[in-house]
Structures are given as structure tokens and as C-alpha cells.
Amino acid sequence: MEINMQTPDVLMGLAFGIPASAGDDVGQENGHRWDPMDCDKKAPPPARKALRMECDFSYLPDHDEDAHFCHARAGVVGVADGVGGCRGDGVDAAEFSRGLMANAYNAVAAASSSGICPYTLLEMAYQKTVASTRTPAASTALVLSLAGRALRWAYVGDSTFAVFRGGRLLLRALRQQHYFNCPFQLRAVGGDRVQDAALGEFPVEEGDVVVAGTDGLFDNVFDAKLEEIVQMCTALSLTPGKMAQAIGRLAYDMAMSSRESPFSAASREQQGTNFTGGKMDDITVIVAFIVS
Ligand SMILES: [Mn+2]
């Protein structure tokens, strides 16, 4: 079946039919953590049938401070969000996020084998970025890597991901934050450290769908709503790119709306505000299909 460019818009009508409930953003982190020192040495889980990744993205910029990459052949994706608090006074808040992702991508592209260790990659990208810039800008960062039949991750802050199987949410990586709206962040001097990254791995299967993104996605779309749209896109056999567009468009519409969002719910619960509606922000969505 040929899916035309209108499909995501058509999906939006369906997606908005059912109100999302507050509190769906809680999720669980049920992967297990590995020692970063072992990551490079540890052999990928045995591949009964080799798995690979098909990935694509959607980016809807607001301040244009998000950065990302997808490298399907290596099975690695990355997402970073330049911290908006660093904006102004001649500071380009995107400098650190773009540096991290460019350095990570270049290393992935130059690597000869798959199964790249996300922690090692993030650490290397961080060191290279620090060596090449004096910017006071800061960034969150996420790296996901397919190694054999395992999805491995390393992330600092609130650029996170979710894994779906058979249309059901199976794994939801929880954000790292110091307090409401202040995510862990990497910067050249001070800030949080790569060693503070959340690390883990999870056995994936053919047909699994991985959705990674910045807070522009996860602050605007409840998990239940994300699950719904992944189900609909899967039923329509959409490509990763079309699914990413549909999810990005959903996040954008939520950001523009006055409906309850994960951001407004958290703002009320954690700050006692009466803020309603979504959060306008850069929206980066990466969709990766696990295929054999
Ligand atoms: Mn953001």
C-alpha cells in the first residue's frame, strides 16, 4: 500500500479522538545496567538471527537547538538538546549539542564494526567537543546502539526513548533531572558528567519499534498517546520517517494546544503552578525499526 504525504494529518484526527490521561508519563526502566568499563569488552549477546536497524527522524525546530543523528548501518542513533538557559549574551545554545552529535556521528561513520558502546561513544564525543569549543553552552545527550540482539544506551538528561513491541510500550527510559525543568546536562566546565549517564541494555526483537526524542516530544505527548500513534502507524505500515513525522506533528499540535500535557501535569504536581497546555520547544523524534 502506498502511503501518501497526507497520512500523518489523517492520523492526527484519529489520534486526538481519545483524551490522554495525566500520570501516564511515569513509565518504567526495566533494562539492566552494565559497567561502562566492560561495555567495549563485553561481547554482544549471541545473534541467532542478525538484527539491524532502519531509522529516520522528524525535526520541528523552535529555537533550533536540538541536534541528532541516525546511522542505520552501524545501528546507532543520537539525540541532544542544547539547554535554553544558556541562550543569549552572544552564546549559541546549540553549540554544545551540535558538537556532541557531530563528533559522535563522525566516530560512528569511521568505525569498522557494529555493536558500538554508547557510553564510550558519548565520552569520546564529549571530550572532542570540549577540546574544540570554549562555549558555556550545555546539552543533554542520548546515544542508542544495537549490539547483536541488545539495544544499549547511555544518556544524560531528559532526551530519552521508549521501546514498543506489538504496539505496546515495553520500556520507557526515565529522565534525569535535578528538579522540575532542569535536566542533567553536559557542558565544558561544570555541569553533570558523562559518568552520571543512565546506562542499560535491553533484548530487542524483530518488529520492535524504538522512539527516541528530546523533551519537546516527551513533555508534550503522554506515553499512552505515544503508544496509540505507534499502533496506528504500524497498522498502516508506515516507514520510520513517516512514523516520526506523525509523532512529531502530534507533539507539535500538543505543544500548541491548551490541553493537559506531561509538562503541565508535572508543573502542577512539582511546582504547584496552574500552568495548562503543552510546551513549545524544538521537537526531535527518531524512529528506529528493529528488523532482521
Ligand atoms: Mn528541549
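Biologist: What makes strand 2 and strand 3 a pair?

Modeller: Two strands pair if DSSP finds at least two bridges between them, and strand 2 (residues 66-71) and strand 3 (residues 76-82) have six, in the antiparallel sense. Strands here are DSSP runs of E, at least two residues, and helices are runs of H or I, at least four, numbered from the N terminus. Mind you, this is a predicted model: local features need pLDDT of at least 70, side-chain atom pairs count only at pLDDT 80 or more, and totals for chains, interfaces and linings use all residues. Residues are numbered from 1 along each chain as its sequence is written, and side-chain values use heavy atoms, with hydrogens and water left out.

Biologist: Why is Met 256 called exposed?

Modeller: Exposed means over 50% relative accessible area, partly exposed is in between, and buried is under 20% (1.4 Å probe, protein chains only). Met 256 comes out at 55%, so exposed it is. Met 256 belongs to helix 7 (residues 240-256).

Biologist: How do you know which residues coordinate the manganese ion?

Modeller: Donors are N, O and S atoms within 2.8 Å of the metal (3.2 Å for Na, K and Ca); water is not among the atoms, so sites may look incomplete. The OD donors of Asp 81, Asp 215 and Asp 281 sit at 2.0 to 2.2 Å, so they count. Along the sequence the spacing is D-x133-D-x65-D.

Biologist: Are Asp 215 and Asp 281 buried or exposed?

Modeller: Both are buried.
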